[in-house]
Amino acid sequence: MTPAPGPHLSPDDVELWLTGTLDAARTRHLELCPECFDRAQAEREIVEQLAALPLMAPSLGFEDRVMARVTVADPFALRSLRQRIFASRRSMAIAASLALALVGSMAASVAWSLANQEILISAGNWVLAQGSQAGWFALRGLASNFIEQPWYESARAFADHPGRLAAALGALTLTYLSGMFALRRLLALPSQQVAHAA
Amino acid sequence: MAEAPEWARLTDQEVVLLARGGREAAYRELVRRYERPVFALLYRMVRDRELAEDLAQETFVKALNAIDSYRPEFKFSSWIFKIANNAAIDHLRRRELDTLSLDGSPHAETPEAMQATALQIGARQESPLDAVEAKELGGAIEAAIGRLRPEYRSCILLRHVEGRAYEEIAEILDLPLGTVKTYIHRARNELRLALAHLRE
């Protein structure tokens, strides 16, 4: 009988044989060594018996019993946001980079402002002057347009009576409040109640 | 209202993202995907259906209530099996402490109960209870698994019943890869010896 080549199979070799990846030389040993073959065959039988163990399932209603004790995450909760930031190194690195960029840009902006106060003041003055001039022109244009309207005189006569003016303002306020109330009712989201089985 | 996704097409990571977004259906999907393997692992670890179900429930409640702390770079299966295995090991340690008391379990209230839970030297041999469990569990292999050390039991079940890779088992059990290989080899060896009489 041909002697088996090489040493006996190691546990790693048996593992490779079980997964069908043992190299040819070691397989040759296995074929010629009854001791190794018996051991490997016995292990294969064990593995096959383990793989054939029956599937098991918890009793009916398991899912509902679990869900009755679980709080569904609120993605907008501050705690949830904090947990997401600290969930992994990547998320922490992204959050840290964003925070650094924000603080950095704010610091750069403050530093530049402090170093260039004169430029900022003259620019501010110019913006203010231009703005007030434009505002004044707009107001004048608006007023002259208003006065030229055909209904202006009758509106002015209406406003001369304080009682009528108060009634008109009251009606406008009431209309505004009713509109706001109706909008709130329309846009109200349903409450996040989750139905759980008992 | 958002459309219901086709759950079967989504990976665990995608389902977790939906759960984090507040979708209750995603939580349920995660329970459905893992209730059987988690329960099977726990049942074979503690060999008591009611207890296994309690531990499985604890596992899911713990995992799902902490879904925001799950790190997506790891497999969800590794995470849930890790929580389940820790629950089983904690329980077995507590039970061992109770069993090792010379006077019986501190929870025993009657002399019979004290005697039943007193120090059992050589408790490795199969008791009538073990025999009944073995029958219920489907044979000698189940009984032999029950007699393995808990860490060997976790390894062999994860590897050959759940079909997990060595690397994933190492991650689940927080053990070096070499230790996992050694445990699995030893566990197989012990099972082989325990079942040798059936081969003859």
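This is a predicted model: local features need pLDDT of at least 70, side-chain atom pairs count only at pLDDT 80 or more; totals for chains, interfaces and linings use all residues.
1. Helix packing across the chains. Two packed helices are described by the angle between their axes and the distance between the axes. Here, helix H3 of chain A (residues 34-51) packs against helix H8 of chain B (residues 150-161) at about 80°, and the axes are 9 Å apart. H3(A) is therefore roughly perpendicular to H8(B), since angles of 65 to 115 degrees fall in that class.

2. Residues in that packing. H3(A) contributes Val47(A), Leu50(A) and Ala51(A), while H8(B) contributes Ile156(B), His160(B) and Val161(B). Sorted by class, the contact of H3(A) with H8(B) has five nonpolar residues, one polar residue and no charged residues.

3. Arg28(B). This residue belongs to helix H2 of chain B, which covers residues 24-46. Arg28(B) has a relative accessibility of 15% and so counts as buried, the limit being under 20%. The side chain of Arg28(B) is joined to that of Asp64(A) by a polar contact of 2.8 Å.

4. Glu53(B). Helix H3 of chain B, residues 49-65, holds Glu53(B). With a relative accessible area of 10%, Glu53(B) is buried. Leaving aside residues up to four places away in sequence, Glu53(B) touches Pro58(A), Ser59(A), Phe62(A) and Arg65(A), along with Phe39(B).

5. An aromatic pair between the chains. Over all chains, the structure holds nine aromatic pairs. One of them is formed by Phe62(A) and Phe60(B), with ring centres 5.8 Å apart. The planes of these two rings stand at 75°, so the pair is edge-to-face, a term used for angles over 60 degrees. Phe62(A) lies in helix H4 of chain A (residues 62-67) and Phe60(B) in helix H3 of chain B, so the pair joins two chains. Phe62(A) is buried at a relative accessible area of 1%, and Phe60(B) is buried at 0%.

6. An aromatic pair within chain B. Tyr70(B) and Trp79(B) form a tilted pair, with 5.2 Å from centre to centre and 45° between the planes. Are these residues buried or exposed? Tyr70(B) counts as buried at 1% relative accessibility, and Trp79(B) counts as buried at 18%.

7. The aromatic cluster. Which residues form one aromatic cluster? Tyr70(B) and Trp79(B) are in it, together with Tyr34(B) and Phe76(B).

Conventions
Residues are numbered from 1 along each chain as its sequence is written. Chains are lettered from A and ligands numbered from 1 in the order in which they are written. Side-chain values use heavy atoms; hydrogens and water are left out. Axes are lines fitted to C-alpha atoms, for helices over the stretch in contact, and angles run from 0 to 180 degrees between N-to-C directions. Helices (H or I, at least four residues) and strands (E, at least two) are DSSP runs, numbered from the N terminus. Angles under 35 degrees count as roughly parallel, over 145 as roughly antiparallel, 65 to 115 as roughly perpendicular and the rest as oblique. Contact means heavy atoms within 4.5 Å. Ala, Val, Leu, Ile, Met, Phe, Trp, Tyr, Cys and Pro count as nonpolar, Asp, Glu, Lys and Arg as charged, and the others, Gly among them, as polar. Buried means under 20% relative accessible area, exposed over 50%, partly exposed in between (1.4 Å probe, protein chains only). A polar contact is a pair of N or O atoms within 3.5 Å; within protein, one must be able to donate a hydrogen and the other to accept it, and residues adjacent in sequence count only if both atoms are side-chain atoms. Rings of Phe, Tyr and Trp (its six-membered ring) pair if their centres lie within 6.5 Å; planes under 30 degrees apart count as stacked, over 60 as edge-to-face and the rest as tilted.
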